[in-house]
Amino acid sequence: SIAVTLLSRPQLTSNPNRIAVFADPVYNRFDPRLARLQNPFAAVPTSHTTALQVLRADLGVDLSTLPRLNASRTEANAIAAIAGQDHVQQWLGFQATPAQVMQIHWSDFAIAHFAAHAIVDSKHPELSGIVLSTLDHERRREDGVFWLHDIYRTPMPVSLVALSGCRTATGEPIPGEGIAGLAQAFLSSGASAVLGTLWTLNDQDAGNMVPEF
């Protein structure tokens, strides 16, 4: 049924070369960006996450302890370098929020790119989502998840949604309909195509691999 809808849907994108990128959200209180805001002259703690196997998924993990995805910023900058700064708009760090995603006039963009942790719940697809910044500038906790129901109610008539996170193309198999999950939600919200992953995704590898596409 989604395929039939996609084939009959008119192309609404007015700017076929513009890309919206959401990357490098703020997840935990130990993030060096929070320390820098409290004291601009303080030494920034050295991050060791690039040396670890940081995965872009948080299923079963406390959202307040999610590690920073350092390579996702590198990924966002690589996309801007390839496509050209004039064609890419970035929402990084504290700017990467679900509220910002839902405020955008997506008809002005051709591609939506999310480089962030992802929740993929195969048993309860409604609990799936893209995890964006869960803290604001004042260290206050906020719901930073772009939940499945948020995706469904956000019109996104883009040519492509790229989900650079773990297992973002998986979900609950429904006979006759396919996989119920993030990809299906974005297709239903207006996207013509969704690029996702079937396996866990290492942050550093994703930062190096995704721009090659």
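Let me begin with a term: a residue counts as buried when its relative accessible area is under 20%, as exposed when that area is over 50%, and as partly exposed in between, using a 1.4 Å probe and protein chains only. What we are looking at is a predicted model, in which local features need pLDDT of at least 70 and side-chain atom pairs count only at pLDDT 80 or more, while totals for chains, interfaces and linings use all residues. Residues are numbered from 1 along each chain as its sequence is written, and side-chain values use heavy atoms, with hydrogens and water left out.

Ala185 lies in helix α6, where helices are DSSP runs of H or I with at least four residues, strands are runs of E with at least two, and both are numbered from the N terminus. With a relative accessible area of 0%, Ala185 is buried. Leaving aside residues up to four places away in sequence, Ala185 touches Leu148, Ile151 and Tyr152, a contact being heavy atoms within 4.5 Å. Asp150 is 35 residues away from Ala185 in sequence, yet their C-alpha atoms are 9.2 Å apart in space.

Now to the nonpolar core, meaning a set of buried Ala, Val, Leu, Ile, Met, Phe, Trp, Tyr and Cys residues joined through side-chain atoms within 4.5 Å. The largest one has 33 residues, and those touching the most other members are Phe22, Trp106, Phe114, Ile130, Val161 and Phe186. Its largest share, 3 residues, comes from α6. A second, separate core has 9 residues, among them Ile19, Val21, Val88 and Ala115.
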